[in-house]
Amino acid sequence: MDAANRKLSVGDTAPDFTLQAADGTEITLSGYRGRRVVVYFYPAAGTPGCTKQACDFRDNLASLASHGYQVLGISPDTVTKLASFADKESLNFPLMADPEHSVAEKYGAWGEKKNYGRVYEGLIRSTVVVDENGVVVLAQYNVKATGHVAKLRRDLGLD
């Protein structure tokens, strides 16, 4: 794996990005300075695992927000697909399109995957938590869709 997509570690400065959100607006990570941000990467909107994970974030958003966390979801999907997914699942946080997977690569969330004996490049389900100053305080890779938000809450000391 080259340096462009090495996995982030606690203490790293989170790479800034600007991506188009499902609602058509542009979102920049540095625009969230002063707030804590959960940036999660998921492979494909509308698939069973990604839907479960997104709905889990949706259902826990008020609690995460009460602890000062904003949630941002990033996938290689198109803005149109994300808009449909957000509407269908009543998602209450920004979903952003990274079709060239450039942000995923900067965060170490794009790389070699193995599935049923097949090896290929793809999005690695990952979550990076960034503090108010843009510093990584938690970086998790190859996370499970089911139960991830509960584990994240425990790891952040919220439960």
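Q: In which loop is His 101 found?
A: We're looking at a predicted model, where local features need pLDDT of at least 70, side-chain atom pairs count only at pLDDT 80 or more, and totals for chains, interfaces and linings use all residues. Residues are numbered from 1 along each chain as its sequence is written, and side-chain values use heavy atoms, with hydrogens and water left out. Helices (H or I, at least four residues) and strands (E, at least two) are DSSP runs numbered from the N terminus. On that numbering, His 101 sits in the loop between strand E5 (95–97) and helix H3 (102–106).

Q: What is the phi of His 101?
A: Most residues other than glycine have a negative phi. His 101 isn't a glycine, yet its phi is positive. The value is near 50 degrees.

Q: Is Asn 142 buried or exposed?
A: Here you need the cut-offs: buried is under 20% relative accessible area, exposed is over 50%, and partly exposed is in between (1.4 Å probe, protein chains only). Asn 142 has a relative accessible area of 56%, so Asn 142 counts as exposed.

Q: How many helices and strands does the protein chain have, and what pattern does it follow?
A: The secondary structure comes to four helices and nine strands. Read along the sequence, the protein chain gives β-β-β-α-β-α-β-α-β-β-β-β-α.

Q: What is the radius of gyration of the protein chain?
A: The radius is taken over C-alpha atoms, and the globule rule is 2.2 Å times the number of residues to the power 0.38. With 159 residues, a compact globule would come out near 15 Å, and the value for the protein chain agrees with that. As for spans, the C-alpha trace covers about 40 × 35 × 30 Å along its principal axes. The radius of gyration itself is 14 Å.

Q: What percentage of the 159 residues in the protein chain is buried?
A: Picture the protein chain with its 159 residues, and ask how many of them are tucked away. The share of buried residues is 50%.

Q: What share of the contacts with a separation of 6 or more comes from residues 24 or more positions apart?
A: A contact means heavy atoms within 4.5 Å. Take the contacts in the protein chain with a separation of 6 or more, then pick out those between residues 24 or more positions apart. Their share is 61%.
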